Amino acid sequence: MSVTLKKIGRLDRPDNNGSAIMFKNPVLEKISRTHISIPIIMFLTISSVSFYYAYTTTEIGLSIGIPVLLLGFLAFTFVEYMMHKHFFHMEPDTPVKDKLQYTIHGVHHDYPKDKYRLAMPPFVSAFYAMVFYLYFLPGFLFGYAAYLGVHYIVHAYQPPKNFLKVLWVNHAVHHYKDPDVAFGVSSPLWDYILGTMPKKDK
């Protein structure tokens, strides 16, 4: 049975070897790419410093701080899911939405192995750090760093032969079979809760 793939990018099928030219301006083109280590290191550093600051300068103890940190991490998985499903996969029904959707995510569906476009450049995503602080921020940023790391490895490496393989399988289903399922990259939690887990082939 053949499956019709919902159109997300511009290409008829994903190009696993190419890379899109997003901007004619060479400066914009350069800053639209980033090595995965840059945002991961940046967010883990901010997360660690914020956690240390919260622990050493506030009256909030670890008995409250750790659950708040975990709440931040859980909140990130929800934001990741909702952003991926409703913003990155928005219906491009106007020229502005089409350009926005392609620029932020459609290009990734066209070129899923482009290692320099697997994360938004830090200047785009750094505003997250201004929204939250103290224990919630470290959990949220740890979640974001985990998402970046998982997203990178599922595109760059073969799946392991252990329980983590499901992350590779789900993301492959999202890219190559059904883009309306498996929106959680670092965790399938919200796909389970909100009913967007891929159906098992029988």
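Helices here are DSSP runs of H or I, at least four residues long, numbered from the N terminus. Before the details, the ground rules. This is a predicted model, in which local features need pLDDT of at least 70, side-chain atom pairs count only at pLDDT 80 or more, and totals for chains, interfaces and linings use all residues. Numbering runs from 1 along each chain as its sequence is written, and side-chain values use heavy atoms, with hydrogens and water left out.

Back to the patch. Its members are Leu 71, Leu 74, Phe 78, Leu 189, Tyr 192, Ile 193 and Leu 194, and together they have about 650 Å² of accessible area. The area is from the Shrake-Rupley method with a 1.4 Å probe, and for residues only the protein chains shown count as cover. To join such a patch, a residue needs over 30% relative accessible area and no salt bridge, and nonpolar side chains (Val, Leu, Ile, Met, Phe, Trp, Tyr) are joined within 5 Å. Helices α3 (62-88) and α8 (189-194) each supply at least two of the residues. Ile 193, in helix α8, is exposed because its relative accessible area is 51% and the cut-off for exposed is over 50%; buried means under 20%, and partly exposed is in between, with a 1.4 Å probe and protein chains only.

The fold as a whole: 8 helices and 0 strands. Of the 202 residues in the chain, 41% count as buried.

Next, the salt bridges, meaning a side-chain nitrogen of Lys or Arg within 4 Å of a carboxyl oxygen of Asp or Glu. The count comes to 6. Arg 117 pairs with Glu 29, with the closest N and O atoms 2.8 Å apart. That pair links distant parts of the chain, as Arg 117 is in the loop between α4 and α5, Glu 29 is in helix α1, and they are 88 residues apart. Both Arg 117 and Glu 29 are buried. Asp 114 meets Arg 33 in another salt bridge, at 3.6 Å, N to O. Here too distant parts are linked: Asp 114 is in the loop between α4 and α5, Arg 33 in the loop between α1 and α2 (37-57), 81 residues apart. Asp 114 counts as buried because its relative accessibility is 7%, while Arg 33 is partly exposed at 24%. Glu 29, Arg 33, Asp 114 and Arg 117 are linked in a network of salt bridges.

Now the largest pocket, with a volume of about 650 Å³. A pocket is an open set of points on a 1 Å grid over the protein atoms alone, with protein on both sides within 12 Å along at least five of seven lines; lining residues have an atom within 4 Å of a point. Volume is the space filled by probe spheres set on the points, which are joined across faces, edges and corners. The pocket has 30 lining residues, and Thr 103, Ile 104, Ala 119, Met 120 and Pro 121 lie nearest its centre. Helix α3 gives the most to this lining, with 6 residues. By class the lining holds 22 nonpolar, 6 polar and 2 charged residues, where Ala, Val, Leu, Ile, Met, Phe, Trp, Tyr, Cys and Pro count as nonpolar, Asp, Glu, Lys and Arg as charged, and the others, Gly among them, as polar.

Note on methods
Patch = residues over 30% accessible without salt bridge, like charges linked within 9 Å, V, L, I, M, F, W, Y side chains within 5 Å. 1 Å grid on protein atoms, 1.4 Å probe; cavity = no way out; pocket = protein on both sides within 12 Å on 5 of 7 lines; lining within 4 Å.
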